[in-house]
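Here is a short tour of a structure, written for someone who likes to check cut-offs. Please keep the sequence and the coordinates open beside the text.

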Amino acid sequence: LILPLRRIQEYVYQLQELLRLTPRSHPHYHSVVAAVGKMKGVCLAVDQARSRCQAIEGVYQVQQTFSGPCPNLVRPHRSFLCDCDVMQMSVGRGDTQQGSMRHAFLFNDALVLTSPDNRRQVMHILPLLHAKADLGEPGAVTPGGPDSGQSGEDAEATLSAGGERDRRS
């Protein structure tokens, strides 16, 4: 898809050069202006489609790493953002907390928790209907404050299915 996109971009450049050399008084001047605009629109649409295909391919490649039963995660709107090891916490009776190591895959609309080993068996798929994922900048100071000494890459972040985000120091 790269070569056709370059060819379309070359057509845009050629039309722009034609427009530059065409006098405003020429009867076809406005047609050339319209052609440049339409070709720029085609170029943009092809580039967006290429980007979307790459995002879908990324989701597909991530899904291929999972083992066991897993629903098809490939959706036209879905994009893979990142993955990391996390601790899944649960509260038992008497407010005792228990944790299980998981590997998390964050998509723009879902969080997939898998087993922490290389089998990557899917444990949970949490839709993120109203969540906003802010991964922050590596090395940035977390909301714990500038004196917390914790960088953005060292912070623990949790997302609830309801979309709330909680960062812990």
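Is Arg-120 buried or exposed? Arg-120 is buried, at a relative accessible area of 16%, where buried stands for under 20%, exposed for over 50% and partly exposed for what lies in between (1.4 Å probe, protein chains only). Its backbone deserves a look too: Arg-120 is not a glycine, yet has a positive phi of about 55°. Arg-120 sits in the loop between β3 (110–114) and β4 (122–127); strands are DSSP runs of E with at least two residues, helices are runs of H or I with at least four residues, and both are numbered from the N terminus.

A word on the ground rules: this is a predicted model, in which local features need pLDDT of at least 70 and side-chain atom pairs count only at pLDDT 80 or more, while totals for chains, interfaces and linings use all residues. Residues are numbered from 1 along each chain as its sequence is written, and side-chain values use heavy atoms, with hydrogens and water left out.

**The sheet**

Four strands form an open sheet in the order β1-β2-β3-β4, with antiparallel pairing; two strands count as paired if DSSP finds at least two bridges between them. At the edges are β1 (80–91) and β4, each pairing on one side only. From one strand to the next, the twist averages 30°, with axes as lines fitted to C-alpha atoms and angles running from 0 to 180 degrees between N-to-C directions. Strand β2 (residues 97–107) runs antiparallel to β1 and is joined to it by 11 bridges. Asp-83 stands opposite Phe-105 in β2.

**Salt bridges**

There are 4 salt bridges in the structure, each a side-chain nitrogen of Lys or Arg within 4 Å of a carboxyl oxygen of Asp or Glu. The table shows some of them.

| Pair | N to O distance |
|---|---|
| Arg-50 and Asp-47 | 2.5 Å |
| Arg-78 and Asp-109 | 2.8 Å |
| Arg-119 and Asp-117 | 3.0 Å |

Arg-78 lies in the loop between α2 and β1 and Asp-109 in the loop between β2 and β3, so this pair ties together parts that are 31 residues apart in sequence. Arg-78 is buried at 10%, and Asp-109 is buried at 16%.

Arg-50 and Asp-47 are 3 residues apart in helix α2, about one helical turn. Arg-50 is partly exposed at 22%, as is Asp-47 at 28%.

Helix α2 (residues 29–63) also holds Gly-37, which is partly exposed at 43%.
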